[in-house]
Amino acid sequence: MKNKRIEYIIDEILDQYAYADESNRPWIIGFSGGKDSTVLLMLVWIALQKLKELPCPFQLRRPIYVVCNDTLVENPIIATYVDDVLDQIETKQKKRICQYLLERQRRGLKILFG
């Protein structure tokens, strides 16, 4: 990676995952398909891939939950993007490339008129 600022953030994620917190508390990433949650998910993904490539890789001991709440009112383009990303994570998880746990929640909104 060429950007030093991004490398610094990835190193911070690695530090937090592997060293700073000795507990096995899970990480929970809320994913909406927006730019902020997409960047966070990608940075964590890259950091954990980097962790696995170290000469003595740490065991990925903490579960990472990717939680997505679909209110059924999202823009169809974003909804399709979110489904594609979650499908890719599920595929890689089945191939044991990553250890993410996905939770897809679909909830329609009830609109009540009084």
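Author: One definition comes before the rest. The expected span of a helix is 1.5 Å times one less than its number of residues. The model here is predicted.

Reader: How far apart are the end C-alpha atoms of α2, and what span should its 18 residues have?
Author: Helix α2 covers residues 35-52. At 1.5 Å a residue, its 18 residues should span 26 Å. The distance between its end C-alpha atoms agrees with that: 26 Å.

Reader: Is threonine 38 buried or exposed?
Author: Threonine 38 sits in helix α2. The cut-off for buried is under 20% relative accessible area. Threonine 38 has 17%, so it counts as buried.

Reader: Which residues does threonine 38 touch, leaving out those up to four places away in sequence?
Author: Contact here means heavy atoms within 4.5 Å. With residues up to four places away not counted, threonine 38 touches Phe31, Gly33 and Tyr81.

Reader: Which residues of α2 are buried?
Author: Threonine 38 is one of them.

Reader: What pattern does the chain follow along the sequence?
Author: The chain has 3 helices and 3 strands. Read along the sequence, they give α-β-α-β-α-β.

Reader: What share of the contacts with a separation of 6 or more comes from residues 24 or more positions apart?
Author: The chain has 114 residues, and 27% of them count as buried. Among contacts with a separation of 6 or more, the share from residues 24 or more positions apart is 73%.

Methods. Residues numbered from 1 in each chain as written. Predicted model: local features only at pLDDT ≥ 70, side-chain atom pairs only at ≥ 80, totals over all residues. Heavy atoms only, no water. Helix = DSSP H or I, 4+ residues; strand = E, 2+ residues; numbered from the N terminus. Buried < 20%, exposed > 50% of the residue type's maximum accessible area, 1.4 Å probe, protein only.
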